[in-house]
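Q: I am new to reading protein structures, and I would like a close look at one part of this one. Could you walk me through the disulfides, step by step?

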Amino acid sequence: QAHAMTCSTRQGSLGQHFRVLDDARGGGGGDALAPQLQDALDSLRSFEWVGLTDLMEHSLCVLHFQASGKLPSECQCSASTGRLGLVLPRFNHGVVRHDPSSLSEETLALIDAHTEVDAQLFAEALRLLLGRLKAVEEATGASLLACLDWKKLYKATGHIKTLWRAEGEFIG
């Protein structure tokens, strides 16, 4: 994501990130231009709306509010179900979801090192979204955050050290 948010063609095609196919070290495939975190964060913060697939229903409720100044009734947290009324269809497109707990510590460390900038970008996007959800709650009196599944969110993002002290202890 950081690559996508920092690429530009303003300087011609060389403004795009590209892969080194056969570098001098013989390894090939390395990034010629690593994404700069600050540039990606600046781009993210310039967006009027930020949505995350991990919180898609919540994200769409913020979008509804930002577009119309109102929330549909489906964006109210139900006390009986503990869910928002906005239910979206789920598609996996035949792709099996992998469980990170099945990977070795060494493999996870390699993935974390390769996605370090993306993880920090995601953490900031999550903080932005949560802040905007709180602002929508304050503006409308609706309950949105009460239906957030913190355990599921931790399971998906617990590996991002800047988000969590421990399970259930989100770093805001």
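A: Happy to! The count comes to 2 disulfides, and keep in mind that this is a predicted model. A pair of cysteine sulfur atoms has to lie within 2.5 Å to be counted as a disulfide, so let's hold each pair up to that cut-off.

Start with cysteine 61 and cysteine 75, whose sulfur atoms sit 2.1 Å apart. Where are these two cysteines found? Cysteine 61 belongs to helix α3, which covers residues 56-68, while cysteine 75 is in the loop between α3 and α4 (105-114). The pair therefore ties together parts that are 14 residues apart in sequence.

Cysteine 61 has a value of 0%, so cysteine 61 is buried. Cysteine 75 comes to 1%, so cysteine 75 is buried as well.

Now move on to the link between cysteine 77 and cysteine 147, with an S to S distance of 1.8 Å. Turning about this S-S bond gives 85 degrees, and the link of cysteine 77 and cysteine 147 is right-handed. Both ends are in loops: cysteine 77 in the one between α3 and α4, and cysteine 147 in the one between α5 (116-140) and α6. Because of where they lie, the pair ties together parts that are 70 residues apart in sequence.

The same test of burial works here. Cysteine 77 has a relative accessible area of 14%, so cysteine 77 is buried. For cysteine 147 the value is 8%, so cysteine 147 is buried too.

The disulfides then follow the pattern 1-2, 3-4.

Finally, here is the setting for these links. The protein chain has 6 helices and 2 strands, and reading along the sequence gives the order α-α-α-α-α-α-β-β. Of its 172 residues, 27% count as buried, and cysteine 61, cysteine 75, cysteine 77 and cysteine 147 are each buried. For a contrast, look at lysine 155 in helix α6 (residues 150-157): its relative accessible area is 65%, so lysine 155 is exposed.

Notes: Residues numbered from 1 in each chain as written. Predicted model: local features only at pLDDT ≥ 70, side-chain atom pairs only at ≥ 80, totals over all residues. Heavy atoms only, no water. Helix = DSSP H or I, 4+ residues; strand = E, 2+ residues; numbered from the N terminus. Buried < 20%, exposed > 50% of the residue type's maximum accessible area, 1.4 Å probe, protein only.
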